[in-house]
Amino acid sequence: MGGYLVDTNVVLDVVRLVLVAKPLYEAVMKDLRDAETLRQVASAVDGINRRWVASFLFLSYKCTRGGGCFVVDFARRIA
Amino acid sequence: MSQSVVEGLVEGVGGVEARRLVLTLYDVFASAYRELYSLVESFDEDLSRGVVDVDEYYREAVVRNMYLDVYFLAGRLNEVLVRHPELLGVLPGVAPMQSPDALYKLLGVLAGVLFRIACGFEGPRRGVLVLLGYSYLGLAGGRPLDAVVFTLASIALARGRWDVAAELLRRVDVDLGGVINFACGAVELAKFLEDRGIGSIPE
């Protein structure tokens, strides 16, 4: 990620946190309570790594304090 | 914490369970820490009267954040779940929660859910829910002061006071527009990958 002074894995952690929320997001938005949905949600929640939370906070603070921000720039490019 | 204030934050969010989930967590925070409840109540009252002193509320947040202990919250969440076993269906896989680690995970995934919901909105509602998500992340990430400030900022935004929300966040060196853009950028990035069949990234 030329031009962005941040470890690639930190960016990936940010995306991991959003990806892992998808099963619970779909369950709560569609009010799903079937066994398979609940199993997927439980598995997703259990898979969270606390480092992902730390990375998300670190990068969001870093990005809002100026400088290039891959996450925001890339989102603009694909919009 | 005042249910009506928090209900206002999740107003318009589709999905009964999503709203219940948020309200349940606030029930936990309220039962764990009554002074946070009073802080939110008086902040909301001052907002409606248009007389918010940001410095005063920031000082209050500094004083009160130290009591937001995740070990304590995890214990309280267990008590709430014993009183309301029907909520186990909403909080699958993490309850009963014996360890703070489970609470960290729950708060982390809920932040992700709120970011996804938030970024489906345009306008102020997007910011309200992003800030609520950051309040969960702050707790999960061991930054309780930021969690309290994000909660107050979320309420300010829900009451149409972008200026108050931005001023509060400046106290913790956070730019309001910046965090909203970042959270929604992360959601866009995740959806970009999902659209290409990538639902997870191995460690």
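Trainee: Which residues touch the most other members of the largest nonpolar core?

Mentor: First, the idea: a nonpolar core is a set of buried Ala, Val, Leu, Ile, Met, Phe, Trp, Tyr and Cys residues joined through C-beta atoms within 7 Å. "Buried" means that 20 or more other C-beta atoms lie within 10 Å of a residue's own (12 or fewer is exposed, in between is partly exposed), with C-beta atoms placed from the backbone. Here the largest core has 94 residues, and V71(A), A183(B) and A186(B) touch the most other members. Helix α6 (residues 100-118) of chain B gives the largest share of this core, 13 residues.

Trainee: Before we go on, how should I read the names and the model?

Mentor: This is a predicted model, where local features need pLDDT of at least 70, side-chain atom pairs count only at pLDDT 80 or more, and totals for chains, interfaces and linings use all residues. Residues are numbered from 1 along each chain as its sequence is written, while chains are lettered from A and ligands numbered from 1 in the order in which they are written.

Trainee: How many helices and strands does each chain have?

Mentor: Helices (H or I, at least four residues) and strands (E, at least two) are DSSP runs, numbered from the N terminus. Chain B has ten helices and zero strands, and chain A has five helices and zero strands. As for burial, 49% of the 203 residues of chain B count as buried, and 43% of the 79 residues in chain A do.

Trainee: Where do the chains meet, and how many residues of each are in contact?

Mentor: Two residues are in contact if their C-beta atoms, placed from the backbone, lie within 7 Å. By that rule, 43 residues of chain B are in contact with 43 residues of chain A. On the chain B side, α2 (16-32), α6, α7 and α10 (176-194) each give two or more residues. The largest share, 14 residues, comes from α10(B). By class, that side has 24 nonpolar, twelve polar and seven charged residues. Ala, Val, Leu, Ile, Met, Phe, Trp, Tyr, Cys and Pro count as nonpolar, Asp, Glu, Lys and Arg as charged, and the others, Gly among them, as polar.

Trainee: At what angle do α1 of chain A and α10(B) cross?

Mentor: Axes are lines fitted to C-alpha atoms, for helices over the stretch in contact, and angles run from 0 to 180 degrees between N-to-C directions. Under 35 degrees is roughly parallel, over 145 roughly antiparallel, 65 to 115 roughly perpendicular, and the rest oblique. The axes of α1 (residues 8-20) of chain A and α10(B) come within 9 Å and cross at roughly 70 degrees, so the two helices are roughly perpendicular. V14(A), V15(A), V18(A) and L19(A) meet A186(B), V187(B), L189(B), A190(B) and L193(B) there.

Trainee: What is A186(B) in contact with, leaving aside its neighbours within four places in sequence?

Mentor: With V14(A), V15(A), V18(A), V71(A) and F115(B).

Trainee: Why is α7(B) called largely enclosed?

Mentor: Because 14 of its 17 residues are buried. Just after α7(B), G142(B) takes a positive phi of about 70 degrees.

Trainee: And V52(B): buried or exposed?

Mentor: Buried, because V52(B) has 23 C-beta neighbours inside 10 Å. V52(B) sits in the loop between α3 (34-49) and α4 (54-65) of chain B.
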